[in-house]
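Reader: Please take me through reading a two-chain model from its contacts. I would like each general idea before the case.

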Amino acid sequence: EAGVVQSPRYKIIEKKQPVAFWCNPISGHNTLYWYRQNLGQGPELLIRYENEEAVDDSQLPKDRFSAERLKGVDSTLKIQPAELGDSAVYLCASSTGTGLVGYTFGSGTRLTVV
Amino acid sequence: QKEVEQNSGPLSVPEGAIASLNCTYSDRGSQSFFWYRQYSGKSPELIMSIYSNGDKEDGRFTAQLNKASQYVSLLIRDSQPSDSATYLCAVGFRYNFNKFYFGSGTKLNVKP
């Protein structure tokens, strides 16, 4: 079974430029998460999807971040415009959504904004 | 106030020793508890889950949960250099089971 697939693996952009990250969850996993992890910190939730519905986006900086999950499968997270403080690892995770099993994380995208 | 707290470490133990990692959480109604291992430059990997008070063993790993005291711990027996990583505690809170709060992690160094 393929795991959670993310791309790109690394991205370096100049500030004020747009950037997008893509995630394909494990087949059958209805719940998809985008987390951001700063160096030396634990992951922090940005947005959670149940199928195609965003059910928790309270931590998403909506002035510059957007996300979508069309057809309840793949998801894209976008930042526009990027700021220096957005440099972090962006992790996608998926689960069956019962809350009683842990997430499976993708390999993450390391974003550097210069 | 952080919902999930861990000592950042580093915790250094000699090879073959028992490593003890601790985590406290704020919501007394929390239902699910997880330990993730994260190697440098890699994504977190689930290694243990526990839901009931007491101990749960899986190979060299034992998770311990005490809901009355609101802490969960991870013991690693016969520590190996390959166990050197950051260990993240994650907690599923009462009102939002599908949302896990992560601690900042404890860095473990196992010295040969």
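Author: What follows covers the interface, the salt bridges and the aromatic pairs, in that order.

Author: This is a predicted model, in which local features need pLDDT of at least 70 and side-chain atom pairs count only at pLDDT 80 or more, while totals for chains, interfaces and linings use all residues. Residues are numbered from 1 along each chain as its sequence is written, chains are lettered from A and ligands numbered from 1 in the order in which they are written, and side-chain values use heavy atoms, with hydrogens and water left out.

Reader: How many residues of chain B are in contact with chain A?

Author: Contact means heavy atoms within 4.5 Å. Here 19 residues of chain B touch 25 residues of chain A. Buried area is the accessible area (1.4 Å probe) that two parts lose on being put together, summed over both. For chain B and chain A this comes to about 1600 Å², 48% of it on carbon and sulfur atoms.

Reader: Which strands of chain B each supply at least two residues of the side that touches chain A?

Author: Strands (E, at least two residues) are DSSP runs, numbered from the N terminus. Strand S4 (32-38) and strand S10 (100-102) of chain B each supply at least two residues of that side. S4(B) gives the largest share, four residues. By class, the side of chain B that touches chain A has nine nonpolar residues, eight polar and two charged; Ala, Val, Leu, Ile, Met, Phe, Trp, Tyr, Cys and Pro count as nonpolar, Asp, Glu, Lys and Arg as charged, and the others, Gly among them, as polar.

Reader: How many salt bridges are there between chain B and chain A, and how many over all chains?

Author: Side chains of opposite charge can pair when their charged atoms come close. The rule asks for a side-chain nitrogen of Lys or Arg within 4 Å of a carboxyl oxygen of Asp or Glu. Between chain B and chain A the count is zero; over all chains it is seven. One of them joins Glu50(A) to Arg48(A), with the closest N and O atoms 2.6 Å apart. Arg48(A) is buried at 7% relative accessibility, where buried means under 20% relative accessible area, exposed over 50%, and partly exposed in between (1.4 Å probe, protein chains only).

Reader: Where in chain A do Glu83(A) and Arg64(A) lie?

Author: Glu83(A) and Arg64(A) form a salt bridge, the closest N and O atoms being 3.4 Å apart. Glu83(A) is in the loop between strand S8 (75-79) and strand S9 (88-95) of chain A, and Arg64(A) in the loop between strand S6 (53-56) and strand S7 (65-68), 19 residues apart. Glu83(A) is partly exposed at 42%, whereas Arg64(A) is buried at 12%. Shared partners join Arg64(A), Glu83(A) and Asp86(A) into one salt-bridge network.

Reader: How many aromatic pairs are there over all chains?

Author: Rings of Phe, Tyr and Trp (its six-membered ring) pair if their centres lie within 6.5 Å; planes under 30 degrees apart count as stacked, over 60 as edge-to-face and the rest as tilted. The count over all chains is 16. Phe21(A) and Tyr90(A) are stacked, at 4.9 Å centre to centre and 25 degrees between the planes. Phe21(A) lies in strand S3 (residues 19-24) and Tyr90(A) in strand S9 of chain A, so the pair ties together parts 69 residues apart in sequence.

Reader: Which residues do ring pairs link into a cluster?

Author: The cluster contains Tyr33(A), Tyr35(A), Tyr103(A), Phe105(A), Phe34(B), Tyr36(B), Tyr51(B), Phe100(B) and Phe102(B).
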